[in-house]
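Here's a quick tour of some ring contacts and a bit of surface. Have the structure open and follow along.

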Amino acid sequence: MRKPRLTDWLFLALALVIGTAAVFVALRPAPGSAHSAHRQQPVVTADLLQAAHSDGLSEAESGYRFERVTTPAVRGPEVPVAFRILGPDGRPVTRFLDNQTKQMHFFAVRDDMNVFQHVHPRLDGDTWHTNLALTDGGAYRMFAEFVPLDTKDPKHPVVLGVPFTVPGDTTFVPVPAPAGDTVTATGYRVTRVDGAARIPSMRAQVLRFALRGPDGALLTAVDPHLGANGHMTGFHSMLLSATHLHPVQPLGVALAGGELTFNSLFSERGEYRLFLEFSHGGRVHTAAITVAVD
């Protein structure tokens, strides 16, 4: 009996490959079939991606770069931070468009979302300065949000993000599960009208929040805050990316049903921690609420 030669094994292997490919083609659903339609990914336009992309995952974006000058490294009620924003030509940029009455919004978020800071740095020469209240240790990320003077889309700012760590013991707090309402530290209750309903990704949605004062009564109006009825930023609980949400109601319009509404568009699936800021009774109140995005 003849022993198999190398060419025999090669022909056998080729036949197996051809057979496997034929089976795959036969089993693949035809275009337009129900199974194919179920698996088909939605078409996402460039404009939609531009509107939805979560920001702050890099210290450089759209030709701009975050340059560290003074990075938080200790705990304290007023920890100094200083930085520059370098433009496409490598030089510091010191003028931006106003974005909700401010040239620069600056955020610091701890990775468990239990620490949130929103401040507005002051410009000294070519360097932006501010202080953060960081009374506990842990891993943080800071974000600089601004709208370049030459932007073609002033509704979508550039957001640059930089990580930093505050040494020492940390009281870790798990991110709360998605819920329908929350209570601020000042006793105001904020309720998401849709409860804990999941939000589809890559689809524009209006989020509605009902506001009640410490007495339990629905608010009929809020005071202006940053040139609007409120300010909201969301952070992905795993990626620590930032998503800006735009208020819907014009400034000064009465709150129907005590509701504040925001336009939203989330690009990533997962849980987001939303931070809603509004002014009432002479002070700013911050409500944090978790939402789930599919």
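This is a predicted model: local features need pLDDT of at least 70, side-chain atom pairs count only at pLDDT 80 or more; totals for chains, interfaces and linings use all residues.

## Aromatic pairs

Let's start with the rings. Searching the whole structure turns up 15 aromatic pairs. Take Y64 and F146: their ring centres sit 5.5 Å apart with the planes at 70°, so this pair is edge-to-face. Y64 belongs to strand β2 (residues 64-70) and F146 to strand β8 (residues 138-146), so the contact ties together parts that are 82 residues apart in sequence. Are these two buried or exposed? Both Y64 and F146 are buried.

Now for F116 and F275. Here the ring centres are 4.1 Å apart and the planes meet at 5°, so the pair counts as stacked. F116 is in strand β5 (residues 116-119), while F275 is in strand β16 (residues 270-280), so this pair ties together parts that are 159 residues apart in sequence. F116 and F275 are both buried as well.

L57 is worth a look on its own. You'll find L57 in the loop between α3 (46-52) and β1 (60-61). Why does L57 count as partly exposed? Because its relative accessibility is 45%, and partly exposed runs between the buried limit of 20% and the exposed limit of 50%.

Notes
Residues are numbered from 1 along each chain as its sequence is written. Side-chain values use heavy atoms; hydrogens and water are left out. Helices (H or I, at least four residues) and strands (E, at least two) are DSSP runs, numbered from the N terminus. Buried means under 20% relative accessible area, exposed over 50%, partly exposed in between (1.4 Å probe, protein chains only). Rings of Phe, Tyr and Trp (its six-membered ring) pair if their centres lie within 6.5 Å; planes under 30 degrees apart count as stacked, over 60 as edge-to-face and the rest as tilted.
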